Amino acid sequence: MATGQLFSRTTQALFYNYKQLPIQRMLDFDFLCGRETPSVAGIINPGAEGFQKLFFGQEEIAIPVHSAIEAACAAHPTADVFINFASFRSAAASSLAALKQPTIRVVAIIAEGVPESDAKQLIAYARANNKVVIGPATVGGIQAGAFKIGDTAGTIDNIIHCKLYRPGSVGFVSKSGGMSNEMYNTIARVTDGIYEGIAIGGDVFPGSTLSDHILRFNNIPQVKMMVVLGELGGRDEYSLVEALKQGKVNKPVVAWVSGTCARLFKSEVQFGHAGAKSGGELESAQAKNQALRDAGAIVPTSYEALEAAIKETFDKLAEEGKITPVKEVTPPQIPEDLNTAIKTGKVRAPTHIISTISDDRGEEPCYAGVPMSSIVEQGLGVGDVISLLWFKRSLPRYCTKFIEICIMLCADHGPCVSGAHNTIVTARAGKDLVSSLVSGLLTIGPRFGGAIDDAARYFKDAYDRNLTPYEFVEGMKKKGIRVPGIGHRIKRGDNRDKRVELLQLFARTNFPSVKYMEYAVQVETYTLSKANNLVMNVDGAIGSLFLDLLAGSGMFTKPEIDEIIEIGYLNGLFVLARSIGLIGHTFDQKRLKQPLYRHPWEDVLYTK
């Protein structure tokens, strides 16, 4: 066991099993104490690598994350404290692994319920190798103004109230972590505060004992007096009794063993901690208190009298000139976390993203306010989901059915179009699904897919301005612009595109109005008089009918329709539809195990 001070203002720790709050509390304590370097050097999170962002005062810092204890110790050789937040199932194994590292000097085990046989093994190894184990079942420890373990001493407000941001003159050790927080407060009220405080843990076999730490405190010059808080059960306090009797402790010790009420019970009673169990007479609180009193410790008559005993001892040392009370300092202000400040109404913070189409904060996700379960229970389809997420309203069934038909008709157009070709080449290069899909989607633009948007824009402008088909087509010709949605490489006036016919039939049967489509048909009649291949294609059919959907449904205002066309909703419809085919081509090439594509030489014109 160590014979002197465990920690200092430069002590750094490795934190096992990432827990954001206790790590941040350690860093806040560092800042409060004016440390120059964070006390957490690295985090060990099995299976993870990288960094975790936390705050050191107002500065955001990145703390390295390691997947293994050995790697973390090698990366941070000056970190000699291992704070173990593993569960009771793995705490023993990870603690032993840490103790075996030459750089680790102190291991704090937070978990309760570590098997006693494992605890004994850890204790034996630590003592044989001159290392310190704090716990199991401990909240940790603290050296005032220098270093603290995890959640020791609670909130920053409590730490400030207990004056733990600067060293005092009292060494404190307790079995109970919860009671140690109470005692820090008590000691700060009647003395100049603690110098170091340790909670050894409430298990039957603690890694270090009350007497271990009292003997350490006795060797630390800054510690002028000690306070001990024990509890019934076990015989740990008797090792302190022996140390006092043998004269190994030459500083005042104020002690109290809690649990005197156990005698009021007729049977054996368990008081929270595994080790706090009323057993034989020697393990009773009364027997321990009397033994400590007989050995020379200052033991009050009750817990209520403990504060007065501490004050009396401190005041006497001060009168004798053995203690020069520490001068008070003003600690820096710890910046409050934004989330906490917002919840308490202290600040208003602007949001960075606005979403009006979906919300997953409740019991189930909602699309435009419609719960997911409602969508499924009503038997709604993909078109209905699109109407909610794109238009933020539930469109009539004929509208959503039309959208679904468009997706089906535009899902694919064979392997030779640019998008499919790019996807196939990428898939054959061994790339993943997303890379193959994106390579095809990136070709969508004015010459592949974009004609639907343009068709809608130009047809709408012409119709709304009451242009005759002649005026529209000839006006476009003068501008050097081909009429979008008109013309096909294969189809002719006497061999129309079946997809166009299906869309027109559906619209004439279901739409309340098809004025834009009929206008597009009149334009087609004029263009066919010029050339037999200037037939309406599927882009023109979808573009004009989409205008009829928006105008005829009665669910959109004119400014909304203009905005939808301008934003490019129809291009989105093509992107969504064609993604289905591009994904299909990717799977097709993977399934066929096609090799890397190389374009044939004979299909290239080599010229100078």
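**Briefing: alanine 146 and the aromatic pairs**

Alanine 146 is found in the loop between strand S8 (140–143) and strand S9. The model described here is predicted. A search of the whole structure finds 17 aromatic pairs, among them phenylalanine 7 with phenylalanine 147 and phenylalanine 391 with phenylalanine 546.

**Surroundings of alanine 146**

- Alanine 146 has a relative accessible area of 2%, and the residue is therefore buried, the cut-off being under 20%.
- Leaving aside residues up to four places away in sequence, alanine 146 touches Ser8, Arg9, Phe29, Cys33 and Arg35.
- A distance of 9.0 Å separates the C-alpha atoms of alanine 146 and serine 39, which are 107 residues apart along the chain.

**Phenylalanine 7 and phenylalanine 147**

- The ring centres of phenylalanine 7 and phenylalanine 147 are 4.9 Å apart and the planes stand at 35 degrees, so this pair is tilted.
- Because phenylalanine 7 lies in the segment before strand S1 (13–16) and phenylalanine 147 in strand S9 (residues 147–148), the pair ties together parts that are 140 residues apart in sequence.
- Phenylalanine 7 and phenylalanine 147 are both buried.

**Phenylalanine 391 and phenylalanine 546**

- Phenylalanine 391 and phenylalanine 546 form a tilted aromatic pair, with 6.2 Å from centre to centre and 40 degrees between the planes.
- Helix H13 (residues 382–391) holds phenylalanine 391 and helix H21 (residues 538–552) holds phenylalanine 546, so the pair ties together parts that are 155 residues apart in sequence.
- Phenylalanine 391 and phenylalanine 546 are each buried.
- Ring pairs link Phe391 and Phe546 with Trp390, Phe556 and Tyr569 into a cluster.

Terms used. Residues numbered from 1 in each chain as written. Predicted model: local features only at pLDDT ≥ 70, side-chain atom pairs only at ≥ 80, totals over all residues. Heavy atoms only, no water. Phe/Tyr/Trp six-rings, centres within 6.5 Å; stacked < 30°, edge-to-face > 60°. Helix = DSSP H or I, 4+ residues; strand = E, 2+ residues; numbered from the N terminus. Buried < 20%, exposed > 50% of the residue type's maximum accessible area, 1.4 Å probe, protein only. Contact = heavy atoms within 4.5 Å.
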